[in-house]
Amino acid sequence: MQTKPDKSAILDLYFMDARCKLIDLAAFLDRLDRHSGTADFRHPSFLTALQAMQAPTPGKTRVQTVLESLSDHSTEPAEKAGIQFAWGAPPEAPANPSR
Amino acid sequence: MVSRTTADYEAIALAGCEALCEPAFWAGYDRASAQGFYDYYRQLTEYEPRRAAKFGIPHYCWLCINPKEAEDAVFAREVMAIIPDFLDKPNVLGIGEIGLNKNTRSELAIFEEHVEIAKKFNLPILIHTPHLEDKLKGTRLIIDALKNANVDPNKVIIDHVEEHTAGLVLDAGFWAGMTLYPESKCTPARAVDMLETFGMERIWMNSACDWGVSDPLAVAKCMQEMKKRRHSREIIEKVSFHNPVAFLSQSPNFKVPGAT
């Protein structure tokens, strides 16, 4: 078994890519701020997910907390499909029941 | 790979692909008739194997009506009636990718009826879980339905798991599949994270090769990602080759040269 990469090695592998994506996120939010009109439910869902990433649910990882923040938490099957695609965030208020 | 060019077959052959399995899927539009599915099943069982064979790749497939077209239950049942006619084709592995898309009652009913076909013919099952905001709920509904149907979890792979669903699937005893995309869903780096978090047992990865932005070389790229993280050759081969072979060998039609 080879030695697993330590934190320094993980930073060497992924920091630049993550930095780039972080700046992309900031630019995306600036873009939304700059443009006219009213943002739909996806915008507050996104902001809630960002907060979730910084304070993950106890016992869960950041990525699990973000994914759950962007998930539909209802339990009963829907009566009709309505649409075939997914929005990326539940159309109702952002759900994060364990927080 | 009905949605891909011949160049993609060449690329995966050059990358060392030993076999591929292609699930019955959505065409990018809803088919107008059950006859459209009959033609599609012929494409999956007759033409695509010949196309793959030109590059030395054994081609296998799964059959079903996909959940995106299962909302009309009457239509779905008309299609499902065709499936047994194709189950004796030599490249058919089992029933899939069945599952849910928008988590509706109709989708769930058709999913359960597909499961009964698989049980009747003693075939493995490949399951599609919904994407994005629908995945968590859909995965829970699917696991509950499978438990109610008393399916052997060893014969079921629940695909497209992500970090919030992988544990649910594995803890319930099912196989888990990670579907890799170059963007929008599970990337190779995240897949390796999941392997490191959830372990290397009853899990595989597959390349999304659909109509959207996807990459037939995604598995090869994930193997490279594992190498960057200093995983051993044995572990990389286990996840990318031996695990899929172990699951797929439950289908009597599956044979890959060199797989023991």
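**Exercise 1. Two helices of chain B**

In this predicted model, the axes of helix α3 (residues 73–80) of chain B and helix α4 (residues 105–121) of chain B come within 10 Å and cross at roughly 15 degrees. Determine how the two helices are oriented, and which residues of α3(B) and α4(B) meet.

*Solution.*

Step 1. Begin with the crossing angle, which is roughly 15 degrees. Angles under 35 degrees count as roughly parallel. Therefore α3(B) is roughly parallel to α4(B).

Step 2. Consider the handedness: α3(B) passes α4(B) in a right-handed crossing.

Step 3. List the residues in contact. From α3(B) come B:Ala73, B:Ala76 and B:Met80, and they meet B:Ser106, B:Ala109, B:Ile110, B:Glu113, B:His114 and B:Ile117 of α4(B). Sorted by class, this contact has 6 nonpolar, 2 polar and 1 charged residues.

**Exercise 2. Two helices of chain A**

Describe the packing of helix α2 (residues 42–54) of chain A with helix α3 (residues 62–69) of chain A.

*Solution.*

Step 1. The helices pack at an angle of about 155 degrees, and their axes are 8 Å apart. Angles over 145 degrees count as roughly antiparallel, so α2(A) is roughly antiparallel to α3(A).

Step 2. The crossing in which α2(A) passes α3(A) is right-handed.

Step 3. On the side of α2(A), the contact uses A:Thr48, A:Ala49, A:Ala52 and A:Met53; on the side of α3(A), it uses A:Arg62, A:Thr65, A:Val66 and A:Ser69. By class, these residues are 4 nonpolar, 3 polar and 1 charged.

**Exercise 3. The surroundings of α3(A)**

Is α3(A) mostly covered or mostly uncovered, and against which helices do its buried residues pack?

*Solution.*

Step 1. Of the 8 residues in α3(A), 6 are buried, and the helix is thus mostly covered.

Step 2. The buried residues are A:Gln64, A:Thr65, A:Val66, A:Leu67, A:Glu68 and A:Ser69.

Step 3. Their packing partners are α2 of chain A and α5 (135–148) of chain B.

**Exercise 4. Chain A and its contact with chain B**

Summarise the build of chain A, then describe the side of chain A that touches chain B.

*Solution.*

Step 1. Chain A contains 3 helices and 0 strands, and its pattern along the sequence is α-α-α. Buried residues account for 14% of its 99 residues.

Step 2. The domain assignment divides chain A into domain 1 (1–37) and domain 2 (39–72). The C-alpha centres of these two domains lie 16 Å apart.

Step 3. Turn to the contact between the chains, to which chain A gives 28 residues and chain B gives 25 residues. In chain A, α1 (7–34) and α3 each supply at least two residues of the touching side. The most comes from α3(A), with 4 residues. By class, the side of chain A that touches chain B has 14 nonpolar, 9 polar and 5 charged residues.

**Exercise 5. A loop residue of chain B**

Where does B:Leu217 lie, and is B:Leu217 buried, exposed or partly exposed?

*Solution.*

Step 1. B:Leu217 is found in the loop between β7 (203–207) and α8 (218–228) of chain B.

Step 2. Inside 10 Å, B:Leu217 has 19 C-beta neighbours. A buried residue needs 20 or more, and an exposed residue has 12 or fewer; B:Leu217 therefore counts as partly exposed.

Step 3. Leaving aside residues up to four places away in sequence, B:Leu217 touches B:Ala11, B:Ile12, B:Ala15 and B:Ser207.

Step 4. B:Leu217 and B:Pro182 are separated by 35 residues in sequence, and their C-alpha atoms are 9.8 Å apart in space.

Conventions. Residues numbered from 1 in each chain as written. Chains lettered and ligands numbered in written order. Predicted model: local features only at pLDDT ≥ 70, side-chain atom pairs only at ≥ 80, totals over all residues. Axes fitted to C-alpha atoms, helices over the stretch in contact; angles between N-to-C directions. Parallel < 35°, antiparallel > 145°, perpendicular 65-115°, else oblique. Left-handed = near helix turned anticlockwise from the far one by under 90°. Contact = placed C-beta atoms within 7 Å. Nonpolar A, V, L, I, M, F, W, Y, C, P; charged D, E, K, R; others polar. Domains from an automatic or database assignment.
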